[in-house]
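Have a look at the structure first.

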Amino acid sequence: MLDFIKDSFSYPNHPLIDALILLTIAAVIALFISYFIQWTLLKWAQLKHRVNLAFIFQAIRLPITVSILLIGIHNAFHLFELGDKLQTLLPMILQSIDTIVWGQFIYRSSQFSLKNLSQTHKPGSFIQPQTLPLFENIAAVLVVLIIFYLLFITWNIDMSAWLASAGIIGIAVGFAAKDTIANLLSGVFILADSPYKIGDYIVIDSGERGMVTHIGLRSTRILTRDDLEINVPNAIIANGKIVNESSGRHIKSRTRVAVSVAYDVDIDHAKQTLMDIAKQEIQICTDPEPRVRFRRFGASGLDLELLVWIDDPEIRGRVVDSLNTAIYKRFAIEGIEIPFSKHDLYIKSMPEHISE
């Protein structure tokens, strides 16, 4: 279109005037399209509450305007007698500027799309608020690599050697850092699946129990009740069983206190005593109510179990200590015997030198 306008308004022996006309027409067209997008398409998207379209219409104005102006500049310079070197260099410079401007548009669009996807909270989606920084960085690296690739093509730089070197380096790094890569991938799955969150009490396969203080891409940190921080690689957690004591329908969890009574004890009296002890404990929940269960006939006595609910897994140790202490004292008052293992030693005969 600009070539047609150039031919229609050209003045003989006045390339400068022709160039100014081309630049003016290009600027007018660029401004017209920019304002058309702003006052029609952008307004329509805002009225319809189309957030994604509104962002695209707003962001695309700059690259379209720059592209039209660069086309005008390219055609304007062709009106002058330029050297062969400048004739070759000028299109490369203009195309490089255009590539960078459109790359900036693609980068902003990708970041905006990822942020929107992270806020939708779709079940099973990898893009969550926790994983958003990872995907933003990956998208940024990909956009930058594509821009550099297009710039190399624009300047006629051979990419074969670069790509071959990158492939060899990538394979070497992959073998050398396979454990790190496994932890990173496991970290992405953990952040996306959210089997636990910061502040939860978890128990991992190896038996460590504690509160999650940090969830990173490489590892998860757990603070135990001994105030020791354990740094567990994500690959170990992802491939093992995790018990989340803070998850479920609510944060409440059930605690069990096992106790045995002698066979000659009144079982109903023992069960009622345990219920009385539970009702006097202020650290446990009243809903659900405490329960006592007769589990089995043990080797030395009747095995009972007191089941209580607590509001927070953090206080489990204190509750068990308090209940055990109360059970021991109350059973002593009530005359309820707690059996324990007894061993009788019978000596069949004494050695002769001792008997003498």
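## The sheet

Three strands make an open sheet in the order β6-β8-β7, and the pairing is antiparallel. Because β6 (253–261) and β7 (291–297) sit at the edges with a single partner strand each, one side of each has no neighbour in the sheet. From one strand to the next, the twist averages 25 degrees. Strands here are DSSP runs of E, at least two residues, and helices are runs of H or I, at least four, numbered from the N terminus; two strands count as paired if DSSP finds at least two bridges between them.

β7 pairs with β8 (residues 302–310) over 6 bridges, in the antiparallel sense. Val-292, for instance, has Leu-306 in β8 as its bridge partner.

This is a predicted model, where local features need pLDDT of at least 70 and side-chain atom pairs count only at pLDDT 80 or more, while totals for chains, interfaces and linings use all residues. Residues are numbered from 1 along each chain as its sequence is written, and side-chain values use heavy atoms, with hydrogens and water left out.

## Helix α9

Helix α9 (residues 267–279) lies across β6, β7 and β8, at about 20 degrees to β8. (Angles run from 0 to 180 degrees between N-to-C directions, with axes fitted to C-alpha atoms, for helices over the stretch in contact.)

Which residues of α9 are buried? They are Ala-270, Thr-273, Leu-274, Met-275, Ile-277 and Ala-278, buried meaning under 20% relative accessible area with a 1.4 Å probe, protein chains only. Their cover includes β6, β7, β8 and α10, with contact meaning heavy atoms within 4.5 Å.

Terms used: Buried < 20%, exposed > 50% of the residue type's maximum accessible area, 1.4 Å probe, protein only.
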